[in-house]
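Subject: Handing over the structure

Hi,

Here is the structure I promised to pass on.

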Amino acid sequence: MDAKFSIKTTSPFFVVLCLSVLMFFTLSCFSADPDPLQDICVADLNSTIKMNGFPCKPESQVTSNDFFFSGLMTGASTANPEGFGVKRGDVTTFPALNTQGLTVARIDLAPGGIVPLHVHPRGSEANFILKGKVYFGFITTTDVLYAKVMKPGVLNIIPRGLVHFAANVGPRKAVIIAVLNSQLPGFANIPTNLFNSTPAIPNFILAKNFRVDEKIIAAIKAKFALNDSLATGTWQYI
């Protein structure tokens, strides 16, 4: 069934789709970040100046190479408890995105792999399925779940700040292109936020929230501590 829906990355459909998504998310009226006040502002990631974003590299040091990024050509490893790998094109890896209000990422999911429950506090997210079969869903603040199994060529939208997830429900690896309207949308991984924070949330607080015994909370925390040394597929944002 997947072959029927296969899409080559060089096909006109794929090109038009990507351009449409990029155009949508770079329109200032849809951007979650402030509007740029200059044509270009390639981020100076080595600057000691602290600000909301990054200072610009001097234009005399900017080259054509600054505006091209090949970091999404191959997938990240999915050898982790979630079966989830991500290669991100945000301002920290692609400094030309500074002030542009845009992040593009490639997500790889092993068979049975998941993108854990999480939120992006600073951006809305569109996801385009390149390969595989993925169950995507988000939950509103009124506890309503909107979810669907997506196949190659299908696009979805995750509203800003809402809890969402994805799971590979197909027999082979899935590949997703995610586009967010912020250069640093943030990634709050709910399971690790709750069970592997530093310092730890007291067990009695979590037990009361989940209506279980504290021993169950302790057992869950131990699972996360056991896997803490493994490189999970989460987005490492500041």
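Below is what I found in it, from the overall layout down to single residues.

Two bits of housekeeping. This is a predicted model, where local features need pLDDT of at least 70, side-chain atom pairs count only at pLDDT 80 or more, and totals for chains, interfaces and linings use all residues. Residues are numbered from 1 along each chain as its sequence is written, and side-chain values use heavy atoms, with hydrogens and water left out.

**Layout**

The protein chain has four helices and 10 strands (DSSP runs numbered from the N terminus: H or I of at least four residues for helices, E of at least two for strands). Of the 238 residues in the chain, 40% are buried; here buried means under 20% relative accessible area, exposed means over 50%, and partly exposed is in between (1.4 Å probe, protein chains only).

Strands β5 (residues 134-139) and β8 (residues 163-168) pair over six bridges, and tyrosine 135 has alanine 167 in β8 as its bridge partner.

**Aromatic rings**

Rings of Phe, Tyr and Trp (its six-membered ring) pair if their centres lie within 6.5 Å; planes under 30 degrees apart count as stacked, over 60 as edge-to-face and the rest as tilted. That rule gives five aromatic pairs. One of them is stacked, because the rings of phenylalanine 195 and phenylalanine 224 have centres 5.9 Å apart and planes at 15°. Phenylalanine 195 belongs to helix α2 (residues 190-195) and phenylalanine 224 to helix α4, so this pair ties together parts that are 29 residues apart in sequence. Phenylalanine 195 counts as buried because its relative accessibility is 11%, while phenylalanine 224, at 23%, counts as partly exposed. Ring pairs also link Phe195, Phe210 and Phe224 into a cluster.

**On the surface**

Phe210 turns up again beside Val212 and Ile216, in a nonpolar surface patch with about 240 Å² of accessible area together. Valine 212 is in the loop between α3 (203-210) and α4 (214-226) and is partly exposed, at 32% relative accessible area.Patches take residues with over 30% relative accessible area and no salt bridge, joining like charges within 9 Å and nonpolar side chains (Val, Leu, Ile, Met, Phe, Trp, Tyr) within 5 Å. A salt bridge is a side-chain nitrogen of Lys or Arg within 4 Å of a carboxyl oxygen of Asp or Glu, and accessible areas come from the Shrake-Rupley method with a 1.4 Å probe, where for residues only the protein chains shown count as cover.

Lastly, alanine 79 lies in the loop between α1 (12-26) and β1, and is exposed at 66% relative accessible area. Its C-alpha atom is 8.5 Å from that of alanine 110, which is 31 residues away along the chain.

Cheers

Definitions and conventions: Two strands pair if DSSP finds at least two bridges between them.
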